[in-house]
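The sequence and model are shown first.

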Amino acid sequence: MFKETKTHEVTTDVVIFTIKDDQLKVLLVKRAHEPFKGKWALPGGYIRISETLDDAALRILKEKTNVQNIYLEQLYTFGDPLRHPNSRVITCAYFALIRSDDIVLSFEPNTEITEVKWHPVNSLPALAFDHKEIIEYSLKRTRERLEFCPIAFQLLPQKFTLTELQKAYEMILMKKLDKRNFRKKFLSLAILKELDEYTKSGSKRPARLYSFDKITLNSKRGHFFS
């Protein structure tokens, strides 16, 4: 009779997107050991026997980047037999969209990683394992969701201008959107609150500030941009 043997390990990798310095960025760590020593990678690690996948993702994120208390969403399971050079490793990937102000990186180098840094998604360094593929899949999923529900609010400050909102969509979709059509479509959704506040600017004309209406935000669905 065929005897069952251990054939694989299970890890989790976490993709975190934010808007910083007017760019869509992803959080990466630099590996301190082989395989791929010195290469950039997604925060990740092995899952303990006693952990759920969600618990493991949150623990690993805190241990490797000191980022905690954020909402993570399960993305996809990557199981190519050749994705790890030394063994059979399956990874369950998670991702999140967050405001840059919600994260303060206070990392100290350790035995596993030497650096933590935000990288623009349109100019990524050489990555370890299949992490480029994981990031690309995360972007694809984010764009698909963006076209059906207004998830960009997770990247924006509590108060924002319509220009900032449009830029967020353009960064994720990686294409220019017509200003007039964008504003017309978004204002027609009735998910924005027009505030009696304006940006403070010395040389430019002050722009009105908006916030998302949390009451209607979760109930809205529609095909926004294609």
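By class, which residues does the lining of the largest cavity have?

## Largest cavity

The model is predicted. The lining of the largest cavity has four nonpolar, one polar and two charged residues. By name, the residues that line this cavity are Tyr 71, Glu 73, Phe 95, Ala 96, Leu 97, Arg 145 and Gln 154.

The volume of the largest cavity is about 50 Å³. With a threshold of 30 Å³ or more, the count comes to one cavity. Strand β6, residues 89-97, gives the most to the lining, with three residues.

## Packing of α2 and α3

Two packed helices are described by the distance between their axes and the angle between those axes. For helix α2 (residues 131-146) and helix α3 (residues 162-173), the axes come within 9 Å and cross at roughly 135°. That angle makes α2 oblique to α3, because only angles over 145 degrees count as roughly antiparallel and those from 65 to 115 as roughly perpendicular.

On the α2 side, the contact is made by Thr 142, Arg 143 and Leu 146. On the α3 side, Tyr 169, Ile 172 and Leu 173 take part. Divided by class, the residues of this contact are four nonpolar, one polar and one charged.

Is Thr 18 buried or exposed? Its relative accessibility is 0%, so Thr 18 counts as buried, the cut-off for buried being under 20%. Thr 18 is found in strand β1, which covers residues 9-20.

Leaving aside residues up to four places away in sequence, Thr 18 touches Gln 23, Leu 24, Lys 25, Ile 98, Arg 99, Ser 100, Trp 118 and Leu 155. Trp 118 is 100 residues from Thr 18 in sequence, yet the C-alpha to C-alpha distance between them is 8.6 Å.

## Chain as a whole

The chain has five helices and nine strands. Read from the N terminus, the order of elements is β-β-β-β-α-β-β-β-α-α-α-β-β-α. Along its principal axes, the C-alpha trace spans about 70 × 40 × 30 Å.

Of the 226 residues in the chain, 44% are buried. Among contacts with a separation of 6 or more, 65% are between residues 24 or more positions apart.

Methods: Residues are numbered from 1 along each chain as its sequence is written. This is a predicted model: local features need pLDDT of at least 70, side-chain atom pairs count only at pLDDT 80 or more; totals for chains, interfaces and linings use all residues. Side-chain values use heavy atoms; hydrogens and water are left out. Axes are lines fitted to C-alpha atoms, for helices over the stretch in contact, and angles run from 0 to 180 degrees between N-to-C directions. Helices (H or I, at least four residues) and strands (E, at least two) are DSSP runs, numbered from the N terminus. Angles under 35 degrees count as roughly parallel, over 145 as roughly antiparallel, 65 to 115 as roughly perpendicular and the rest as oblique. Contact means heavy atoms within 4.5 Å. Ala, Val, Leu, Ile, Met, Phe, Trp, Tyr, Cys and Pro count as nonpolar, Asp, Glu, Lys and Arg as charged, and the others, Gly among them, as polar. On a 1 Å grid over the protein atoms alone, a cavity is a set of points where a 1.4 Å probe fits but cannot get out, and a pocket is an open set with protein on both sides within 12 Å along at least five of seven lines; lining residues have an atom within 4 Å of a point. Grid points are joined across faces, edges and corners, and a volume is the space filled by probe spheres set on the points. Buried means under 20% relative accessible area, exposed over 50%, partly exposed in between (1.4 Å probe, protein chains only).
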